[in-house]
Amino acid sequence: MGDEWRMLRVHFTAEDLLRVSFAPEPAPLMELGLAISVLRRQDTPAVLRRWQQRAREAFPGEARPLLELVPPTAKGPLFLDPLSRGLEAGLDTVLSTPAERVRAELDSRIPEWLRMTPWLRRLADRDREAWGELERALRSAYGGLLAASWASVRTAFDAEHAWRSRVLAQYGIRTALAGLGPGGRWEGTTLVFDEPDDVRLPDIRVTLSGHGVVLLPSTVWTGRPLAAVRDGAPGILIYRTAPLPLLGDRPANGRGDALGALLGRTRAAVLELLTRQRTTSDLARELGVSKSSASEHTKALREARLITTHRDGKAVWHTCTPLGLDLLITQAEADGDGSDGSIGTIGSSGSVRGARAS
């Protein structure tokens, strides 16, 4: 059987196009679910293989129950990964899921042969001990897979926010949305993404309901954009971040030092931090330098038109300019174009309803 084009079609209304917004921050449990999915895949891109190997080695034993809930396809129960601001808020949402919804999603999203495991049966029955195991598994998995690199996840998220906002301002909403993944295009008011697949599969169609859509970039998902639909609420489009690497995973062969060679290591670090707005004091604390030294670096970057600065009361705030962001992205593309296993550009394919693939 030859390659077929599997399409994701997201049908917008005029109201949806007027209500496109950006998630205020990454959602820890949604990113965690996607990370576990990628952890289990066999077709991981080269840029993620080193991360995948480390993550498999570090995956906590206490988190193993999640492997019954989160498959490589990301087609697990929707209640596991709410769009939340912070880990604790997300866990509260998960643990308060009504029993009827838990049973319905386990019945519809878990294969029948797996649904019969004792732990899943107890989960469906809202057994207190089973739900305690679920909470411990989520906390343990987050600690093992994401906690140490969450600052880098946030940096990549902020860089994508800045980049996508620039595309939106310069080219408009249709171009900004079509650019969320390879093969993105518009057919009237339907956003279409397609990708060759070696299995004959039907198109995936998602219809928005006039509540708008929230853009949520992910640093770990390797598939096509994911379309999440929630009753009575804005939909969610999950997609790869811009090609800014997770900063803690730079290759050891020195290729990631080109920006440091151009600007100096500390100024390059300042520029990377300023994909999110920070004060001079923030920079000094995060870099371990004096406030006066941080101020000197921001002055040099400002004079080069790589950052902009404004004062709010006693605080002096700095952030990347479009020119500075372009420089970071160009460097990231250079860092991520090989097969050394460093985290760089992450691909886009797949689709979810709710928060996982349909």
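I began with strands 7 and 8: strand 8 covers residues 235–240, and the two pair in the antiparallel sense over three bridges. Strands here are DSSP runs of E, at least two residues, numbered from the N terminus, while helices are runs of H or I, at least four residues; two strands pair if DSSP finds at least two bridges between them. I then looked up Ala228 and found its bridge partner, Ile236, in strand 8.

A note on the source: this is a predicted model, where local features need pLDDT of at least 70 and side-chain atom pairs count only at pLDDT 80 or more, while totals for chains, interfaces and linings use all residues. Residues are numbered from 1 along each chain as its sequence is written, and side-chain values use heavy atoms, leaving out hydrogens and water.

Next I traced the whole sheet, which is open, with four strands in the order 2-6-8-7 and mixed pairing. Strand 2 (20–22) and strand 7 (226–228) each have a single partner strand, so one side of each has no neighbour in the sheet.

Then I turned to Pro60, which I found in the loop between helix 3 (46–58) and helix 4 (87–95). Is Pro60 buried or exposed? Pro60 is buried, at a relative accessible area of 17% (buried is under 20%, exposed over 50%, partly exposed in between, with a 1.4 Å probe and protein chains only). Leaving out residues up to four places away in sequence, Pro60 touches Ser140, Ala141 and Gly144; contact means heavy atoms within 4.5 Å. I also checked Leu145: Pro60 lies 85 residues from it in sequence and 8.8 Å away in space, C-alpha to C-alpha.
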